[in-house]
Amino acid sequence: MVFRSEEMCLAQLFLQSGSEYDCISELGELGLVEFRDLNPSVSSFQRRFVSEIKRCEEMERILGFLLREIQKAKIAVPQEDESPLAPPPRQVLEIMEQLQRLEMELSEVAKNKDKLQRNLLELTEYTHMLKITRSFIHSRSRHEALGPQYEEFPTMETDSATGSTGMQRLGAKLGFISGLIQRVKVEAFERMLWRVCKGYTILSYTEVDESLADLDTGEINKSVVFLISFWGDQIGHKVQKICDCYHCHLYPHPENDEERADVLDSLRTRIQDLNNVLHRTDDYLRQVLQKAAESAYAWVVQVKKMKAIYHILNLCSFDVTNKCLIAEVWCPVSDLANLRGALEKGSRKGDATVPSFVNRIPSSDTPPTLLRSNKFTTGFQSIVEAYGVGDYREVSPAPYTIITFPFLFAVMFGDLGHGMIMSLFALWMVLTEKNQKKKRSSNEIWMTFFHGRYIILMMGLFSIYTGLIYNDCFSKSLNIFGSGWSVKAMFTNQQWTNKTVQTNALLTLDPNVSRVFSGPYPFGIDPIWNLAVNRLSFLNSYKMKMSVIVGVIHMSFGVVLSVFNHFVYLLFLPELLFLICLFGYLVFMILYKWLAFSAHNSSQAPSILIHFINMFVMQGKDVTPLYPGQTGLQVFLLLIAVMCVPVLLLGKPLYLYWQQRGGKGLRRRRVINISCTVLQFDFADVLMHQAIHTIEYCLGCVSNTASYLRLWALSLAHAQLSEVLWAMVMRLGFKITTKVGVVFLVPVFGLFATLTVSILLVMEGLSAFLHALRLHWVEFQNKFYHGTGVKFLPFDFSQLPSVFEQDGLL
Amino acid sequence: MASHSLALPMICFTTLWALVGVVAPFLVPKGPNRGVIVTSLILTAVCCYLFWLIAILAQANPLFGPQLKNETIWYLQYYWE
């Protein structure tokens with residue numbers, strides 16, 4: 001990543017008609033340039049290479065069908081690391097043919113399989129029906145031990161009209177209809193039969209144990225085998241019609257037991273055969289799919305690349321002689337040599353007689369912004385770009401964000417223990433990044449965390465540092481160097497006795513007493529403050545002042561960066577002076593108070609805020625000055641700041657006016673010429689803009705400085721939450737001293753760990769992340785960054801999304 | 001009670017962060033990432049040094065002392081130096 005975006009140029013590519021496909025393929029592999037659309041008025045149906053794109057889409061359709069079949073058969077598609085190149089046009093026909101053949105084969109096999117399965121279902125149903133109706137008839141005969149038996153009457157004839165076998169008995173025909181019906185319809189069926197046939201039918205039914213799949217709908221339903229015995233022809237017709245109406249599967253009812261046994265046997269053999277055939281079909285299908293899966297990945301990539309190339313070719317226009325394709329591209333100036341090399345390579349591959357070449361052309365359009373980044377800086381670049389892509393050749397805040405963003409996060413998050421957990425988590429993500437990239441999970445939240453792994457790592461490391469300074473580790477302090485405050489000294493100097501300690505619940509150490517305070521803790525906050533009741537009085541004052549100091553320095557840095565951005569760069573001077581004279585002086589006062597006042601004159605230590613406000617209203621008479629000459633200096637600084645405002649307001653308009661009148665320019669040599677060529681200079685317009693900018697800046701200084709106090713607020717919230725969690729959860733576990741306490745400590749620690757991770761790490765982490773981001777986007781970047789540019793999107797095969805990946809097929 | 005001076009830590013940490021922020025940038029090998037690494041080193045040194053400095057200056061001349069519970073005082077009297 002660099003300081004500002006790269007220099008771009010507009011170039012024209014002249015591609016010879018034989019080799020244009022290969023040239024574009026080379027460019028796509030390298031990802032160097034962004035193509036412009038030279039035919040914006042042409043609809044997508046009228047472009048030149050529409051038929052080729054249609055062919056690619058047809059191939060994609062077949063590939064989609066193929067991948068879905070492969071996924072259904074649960075075969076894994078092997079993916080190679082190296083992606084294959086786009087195929088030359090002659091190879092395309094081969095691939096197309098192969099794909100079409102595969103599609104036909106697969107659909108035929110699927111059709112056959114379907115037919116076989118239907119057959120199998122019928123046979124299975126028939127078997128069930130036969131078995132169950134046998135039990136009906138035999139059970140009936142058992143019940144009617146004294147009653148008439150079903151005699152073995154000879155069949156009259158199979159009545160073709162009703163299709164049911166009949167037995168003649170007593171002159172009337174007794175007919176049987178048997179079959180299967182869905183379980184859900186049985187009651188309605190029975191009721192209908194009763195109503196229509198008025199008791200001339202007897203229906204017996206039993207549910208089948210096995211659930212059979214209904215091939216039309218694909219559902220698995222329970223079926224019921226029924227046997228209807230009826231008297232008379234008319235009834236037979238009616239029953240037939242009712243059965244049709246309820247979509248029953250009817251099967252011929254056998255006359256007697258021997259016939260039944262024969263049919264059962266033959267059915268059994270047929271079912272066995274069918275199962276065999278089905279297995280063989282399955283195996284064959286699997287084989288075909290396995291073979292296809294081996295080259296599926298390569299095909300997908302090749303078709304994707306081909307389609308992309310034809311899209312790009314559609315953006316180009318033909319020149320006058322109609323033999324050469326012209327493309328307009330944005331190319332980084334530093335990559336022009338690579339571009340030429342790629343075109344030569346493509347021309348050689350395409351066996352063109354005349355090689356393709358590049359011609360740089362001047363342009364008045366604003367080029368897109370390119371900022372190169374590696375895997376570490378991409379995360380930080382993306383959080384800057386989420387606010388806005390920088391203008392062309394504008395200073396980018398991204399390289400500074402790498403450090404200042406984690407630092408500001410850590411100031412708000414500062415806890416040694418939590419920082420260590422965060423760093424370890426990020427370190428794990430970084431070390432296993434190759435595997436994670438291969439897995440390509442579809443969980444969006446996880447992918448968001450994974451893309452920000454370097455950011456989280458930096459945030460964690462800085463949090464460890466600020467945690468050491470705040471001396472806060474899971475709300476406990478570390479005492480590495482020995483505290484600078486001594487309780488013993490209060491006793492040895494007769495300030496306290498044992499009686500004072502017994503009678504008073506709270507006592508305050510007095511730094512005025514000798515040897516009570518012996519120097520500041522060398523690294524961070526003294527550990528005694530963790531034990532003190534008035535801890536927050538000290539910490540709040542410290543953190544608020546720290547926030548203001550950090551904020552003023554951060555903002556000054558932003559103003560200094562605007563030197564490189566603003567058109568009239570000298571304008572950064574009044575802005576900086578305004579900021580430093582007012583808020584820099586505030587920082588000076590804070591530091592002065594820290595250094596000049598100590599315990600022995602603490603009663604005269606003034607309030608910084610009162611002095612600051614008095615400076616503005618110029619009323620320094622009543623309060624004792626901080627230092628001699630304070631009033632004079634403050635008036636002086638205030639005057640400078642007030643004088644900066646009109647300079648800020650009128651500087652730029654007057655300068656432009658003077659320039660237009662023919663004055664010498666103060667511009668430095670720079671590539672950006674866009675806003676300089678102001679021919680129609682509208683004084684009122686520029687003045688208005690500059691007035692808005694001045695007001696925004698001056699008021700913004702005050703509000704932005706106050707905004708940095710969120711550093712104090714969030715760090716206080718984090719520390720308090722941490723302390724509450726310890727006191728309410730972990731300490732309860734430690735208080736129980738029996739053996740039960742040891743066992744009880746295990747779930748207590750589990751609860752502590754869960755709440756730490758979910759509330760303190762995730763919730764507070766996200767909150768601090770958001771606030772640090774806001775401080776960057778608003779308070780820091782509005783001093784110098786516009787962010788209204790367009791991002792450079794090169795034509796790169798690896799950046800193209802694959803439709804199949806999105807569907808989860810690949 | 002450990003007697004701490006202001007001078008010793010000041011010298012130590014100033015030299016440490018000066019090494020990181022001023023000397024180390026010259027030791028970074030040439031490469032495409034040199035600019036980013038140098039910027040990062042300088043910014044890290046500035047941020048960390050500033051943060052430490054604020055912490056120590058805020059405690060150098062305390063205007064009031066910690067208020068402790070009597071149990072804490074009893075404990076500290078015997079167990080801390």
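Colleague: How many salt bridges are there between chain A and chain B?
Modeller: The count between chain A and chain B is 0 salt bridges, where a salt bridge is a side-chain nitrogen of Lys or Arg within 4 Å of a carboxyl oxygen of Asp or Glu. Please keep in mind that this is a predicted model, in which local features need pLDDT of at least 70 and side-chain atom pairs count only at pLDDT 80 or more, while totals for chains, interfaces and linings use all residues. Residues are numbered from 1 along each chain as its sequence is written, chains are lettered from A and ligands numbered from 1 in the order in which they are written, and side-chain values use heavy atoms, with hydrogens and water left out.

Colleague: And how many residue pairs are in polar contact between chain A and chain B?
Modeller: There are 19 such residue pairs, both residues at pLDDT 80 or more; a polar contact is a pair of N or O atoms within 3.5 Å, and within protein one must be able to donate a hydrogen and the other to accept it, with residues adjacent in sequence counting only if both atoms are side-chain atoms.

Colleague: Which helix gives the most to the side of chain A that touches chain B?
Modeller: That is H9(A), with 7 residues; helices (H or I, at least four residues) and strands (E, at least two) are DSSP runs, numbered from the N terminus.

Colleague: What area do chain A and chain B bury between them?
Modeller: About 5,200 Å², 72% of it on carbon and sulfur atoms, where buried area is the accessible area (1.4 Å probe) that two parts lose on being put together, summed over both. In chain A, Tyr465(A), Pro520(A) and Trp594(A) lose the most area to chain B, together 11% of what that side buries. In terms of contact, which means heavy atoms within 4.5 Å, 68 residues of chain A meet 42 residues of chain B.

Colleague: Switching to chain B, which residues of helix H3 are buried?
Modeller: In H3(B), residues 70–79, they are Asn70(B), Thr72(B), Ile73(B), Leu76(B) and Gln77(B); buried means under 20% relative accessible area, exposed over 50% and partly exposed in between (1.4 Å probe, protein chains only). Seen down the axis of H3(B), these buried residues fall within an arc of 150 degrees, so they line one face of the helix, the arc being that of the directions from the helix axis to the C-beta atoms.

Colleague: What do the buried residues of H3(B) pack against?
Modeller: They pack against H14 (488–492), H15 (498–503) and strand S13 (506–508) of chain A, together with strand S1 (67–69) of chain B. On the other side of H3(B), Glu71(B), Trp74(B), Tyr78(B) and Tyr79(B) are exposed.

Colleague: Back to chain A: where is Arg393(A), and what is its phi?
Modeller: Arg393(A) sits in the loop between helix H8 (377–387) and H9 of chain A, and its phi is near 60 degrees, a positive value in a residue other than glycine. Arg393(A) is partly exposed, with a relative accessible area of 21%.

Colleague: And where is Phe474(A)?
Modeller: Phe474(A) is in the loop between H13 and H14 of chain A; its phi is positive, at about 50 degrees, although it is not a glycine.

Colleague: Last one: what does UniProt list for residues 92–126 of chain A?
Modeller: The unreviewed UniProt entry lists "coiled-coil region" there, and such annotations may be inferred rather than shown by experiment. In the model, the span is 100% helix and 0% strand, with its end C-alpha atoms 51 Å apart.
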